[in-house]
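Student: I would like to learn how to read the contacts in a model like this one. Can we start with a pair of helices and then move to the ligands?

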Amino acid sequence: MDPSEIETERELNPNQSDRIYHLAVDFGGSLVKLVYFTKNDDDEEIPHRMALAKSKTSSGYPVLKGRLQFKKFETSKINDCLEFIKSMKLHLGGCQQQDGPGTQITAVKATGGGAYKYADLFKERLGITLDKEDEMDCLVVHQEAFTYMDGQKEFVQIEPDDLYPYLLVNIGSGVGILKVDGDGKFERVSGTSIGGGTFWGLGKLLTKCKSFDDLLELSYRGDNSAIDMLVGDIYGGMDYSKVGLSSTIIASSFGKAISDKKELEDYKPEDIARSLLRMISNNIGQISYLNALQFGVKRIFFSGFFIRSHPFTMDTLSDAVNFWSKGEAKAMFLRHEGFLGAVGAFMSSYKQDLHELLVDQVDAVNKTQASLDLSIDCTIYAA
Ligand SMILES: Nc1ncnc2c1ncn2[C@@H]1O[C@H](COP(=O)(O)OP(=O)(O)OP(=O)(O)O)[C@@H](O)[C@H]1O
Ligand SMILES: CC(C)(CO)[C@@H](O)C(=O)NCCC(=O)O
């Protein structure tokens, strides 16, 4: 059995002795992401945050071992999210009834636009206040990164003194582009409304797909040349070598539809899905590169739920950055791409005393990309 299934099962049927220490929520335009930290009393005994100081590592930092749980909901199904929090008693710190009075959580760290939009709803239904953190602040957290080219994932070891400056391109419903100059030092330099929401929204209208995953799945099987106008279509099958454009490069996304005497129904949904994904990914890759160029930055990190470790999406973004930069700039991806904001909000509450959050079981993360409701072993080092 895949480790993710084990953890998800345990999550849905929480052990009575699971304690939930902390919850943070990222309310996006498309998805709501929850991150919470659980510790099972049967696990190695380092009982309570209050008692952290009792257990110090060789580095001198107190440590709390447990599991970081990740869960997502469609924003349009906010009620499911509320029900989940309620049924898991996340707003009460898990099995709080055993802890006696006085342990009830009154505020939860929250980020994204919905932290404002749903503040009253959460107060009303769960009795908790959403303690708002700016969504841009929450994106800038340290993560392990990898490059993705021609189907090959390559983890990159980046030394802290060689990390900055970098560009962080967060592809959610819309796209935010941040230039990060140092720890907590960043600026939102650009953005585009043509993002993940555009792919999912247009894709839904054009293909009648009922879920994002179906649309993504369709795009795997499609052939974009059925609907995109390629350089070769314009140049009689030849490359336009004088300006370095090979015949297979897309000259005009969806351009073939102009001259084809076809209606929407005459195109295969999978070809439309693929063309749409390439169009949006290429566009984001190009805008990102142009921003990197403008600010003299070589590394571009991509995050956001749009990516979902989807090979074709990562390939297209990497290709676009590689093509436009003539190999000078690199596209990089993050292991917890979609949960970056939520993890940032989670960590913000430990601002005063959190030194580091280390993920011990990286393998589990890699194996669970399909479900994206994750559970990973981790250690919190408090300063
Ligand atoms: N299961 C899914 N359901 C809906 N969208 C999904 C799903 N999986 C991936 N996506 C993609 O991820 C996008 C949302 O990404 P993310 O959660 O990072 O952004 P958000 O926080 O909702 O948006 P914003 O930050 O712009 O408010 C969707 O628009 C869609 O393209
Ligand atoms: C509005 C936000 C910041 C909400 O997360 C995001 O969707 C975004 O950056 N959209 C792109 C807006 C623009 O810069 O055109």
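Tutor: Start with the residues that touch. In this predicted model, Trp200, Gly203 and Thr207 in H7 meet Phe212, Leu215 and Leu218 in H8. By class, that contact has four nonpolar, two polar and no charged residues.

Student: At what angle do H7 and H8 pack?

Tutor: Their angle is about 75 degrees, and the axes lie 10 Å apart. Angles from 65 to 115 degrees count as roughly perpendicular, and H7 and H8 are therefore roughly perpendicular to each other.

Student: Which helices each supply at least two residues of the shell around ligand 1?

Tutor: Helix H7 (196-207) and helix H8 (212-221) do. H7 gives four residues, the largest share of that shell. Of the 21 residues around ligand 1, those that come nearest are Gly28, Gly29, Gly172, Gly196 and Phe305. The shell divides into six nonpolar, 12 polar and three charged residues.

Student: Why does ligand 1 lie between domain 1 and domain 2?

Tutor: Look at which domains contribute. Domain 1 (3-138 + 338-382) and domain 2 (144-227 + 267-334) both give residues to the shell around ligand 1, so the ligand lies between them.

Student: Which residues surround ligand 2?

Tutor: Among them are Gly29, Gly113, Glu135, Gly172, Val175 and Thr192. Strand S9 (175-182) and strand S10 (185-192) are the elements that give two or more residues to this shell. Its classes are one nonpolar, nine polar and one charged. Ligand 2 also has residues from both domain 1 and domain 2 in its shell, so it lies between them.

Key
Residues numbered from 1 in each chain as written. Chains lettered and ligands numbered in written order. Predicted model: local features only at pLDDT ≥ 70, side-chain atom pairs only at ≥ 80, totals over all residues. Near = placed C-beta within 6 Å. Nonpolar A, V, L, I, M, F, W, Y, C, P; charged D, E, K, R; others polar. Domains from an automatic or database assignment. Axes fitted to C-alpha atoms, helices over the stretch in contact; angles between N-to-C directions. Parallel < 35°, antiparallel > 145°, perpendicular 65-115°, else oblique. Contact = placed C-beta atoms within 7 Å.
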